[in-house]
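Subject: Structure handover

Hello,

Here is the structure for you to look over. My notes come after it.

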Amino acid sequence: EVRSRENKVLAYRQCFFQRINPITKPMRMDEIALVDANNTFARIYTEPDSMKEYLSCLAPILSPLEGQIAENQLNSGELTAMQQFFYYFWSKKNPNDPQSAWLAYRSEVEKVNYTYSTKNRKGYETERGRVYLKYGPPNTIVKEVQDPESYPYEIWHYYKVNNQTNRRFVFYAPDLASNTFRLLHSDVRGEVQDPNWELKLHSRSQAFGPDLDQ
């Protein structure tokens with residue numbers, strides 16, 4: 001609509017549109033069992049330990065159902081079954097070139113392993129590694145490790161996460177001695193949300209006492 005200062009409609013145009021949000025078809029065990037992984041890129045991984053590692057590093061990007069299926073395959077330790085799941089997963093991600101999709105993701109896993117690994121956990125098993133692999137690299141990162149009033153922390157800012165805009169993740173290291181940063185708060189739907197995150201972040205000085213709400 002074009003309106004005058006007196007709010008009178010001077011001209012208008014209208015059109016019809018629809019927004020469609022298709023539901024992704026869930027993964028099915030019977031379909032996986034029928035997958036022929038022979039002559040696919042999954043077949044080149046012939047060591048069970050390597051295949052277990054590749055399945056494990058998918059955890060940040062798996063749905064709850066996919067994670068449950070992957071865990072069952074890992075517990076079985078059966079190489080062919082793991083190869084079938086692995087190929088099936090990436091063929092759903094990129095039907096035209098599943099291998100390229102896997103190699104691109106593997107490159108990101110190597111980055112988080114290099115940056116966020118600790119003594120007992122690989123990078124993709126940490127909170128920062130999980131968020132990075134699930135949502136991609138943040139647009140900006142604010143780091144603070146010298147503030148005596150707060151625990152070391154990082155605030156990751158994303159311009160866009162899926163269909164959400166201007167979202168943040170707050171990580172902190174309450175033990176002070178390691179590279180293990182825990183996710184304290186995020187305003188992304190489905191992630192940890194804590195309305196007292198600022199108080200907890202600055203409770204290092206004990207100024208608030210044991211009762212943060214008070």
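This is a predicted model: local features need pLDDT of at least 70, side-chain atom pairs count only at pLDDT 80 or more; totals for chains, interfaces and linings use all residues.

Helix 3 and helix 4

Helix 3 spans residues 64–76 and helix 4 spans residues 79–93. Their axes are 9 Å apart and the packing angle is about 155 degrees. Angles over 145 degrees count as roughly antiparallel, so helix 3 is roughly antiparallel to helix 4. The crossing of helix 3 and helix 4 is left-handed. On the helix 3 side the contact is formed by Glu-66, Ile-69, Ala-70, Gln-73 and Leu-74, which meet Ala-81, Met-82, Phe-85 and Phe-89 of helix 4. Sorted by class, this contact of helix 3 with helix 4 holds 7 nonpolar, 1 polar and 1 charged residues.

Helix 5 and helix 6

The axes of helix 5 (residues 98–116) and helix 6 (residues 127–135) come within 10 Å, crossing at roughly 155 degrees. That makes helix 5 roughly antiparallel to helix 6. The crossing of helix 5 and helix 6 is right-handed. Helix 5 contributes Tyr-105, Glu-108, Val-109, Lys-111, Val-112 and Tyr-116, and these meet Arg-128, Gly-129, Tyr-132 and Leu-133 in helix 6. The class breakdown for the contact of helix 5 with helix 6 is 6 nonpolar, 1 polar and 3 charged residues.

Cysteines

How many disulfides does a search of the whole structure find? It finds 0. Cys-15 is exposed, with a relative accessible area of 69%, whereas Cys-57 is buried, with a relative accessible area of 3%.

Regards

How values were computed: Residues are numbered from 1 along each chain as its sequence is written. Side-chain values use heavy atoms; hydrogens and water are left out. Axes are lines fitted to C-alpha atoms, for helices over the stretch in contact, and angles run from 0 to 180 degrees between N-to-C directions. Helices (H or I, at least four residues) and strands (E, at least two) are DSSP runs, numbered from the N terminus. Angles under 35 degrees count as roughly parallel, over 145 as roughly antiparallel, 65 to 115 as roughly perpendicular and the rest as oblique. A crossing is left-handed if the near helix is turned anticlockwise from the far one by less than a right angle, and right-handed if clockwise. Contact means heavy atoms within 4.5 Å. Ala, Val, Leu, Ile, Met, Phe, Trp, Tyr, Cys and Pro count as nonpolar, Asp, Glu, Lys and Arg as charged, and the others, Gly among them, as polar. A disulfide is a pair of cysteine sulfur atoms within 2.5 Å. Buried means under 20% relative accessible area, exposed over 50%, partly exposed in between (1.4 Å probe, protein chains only).
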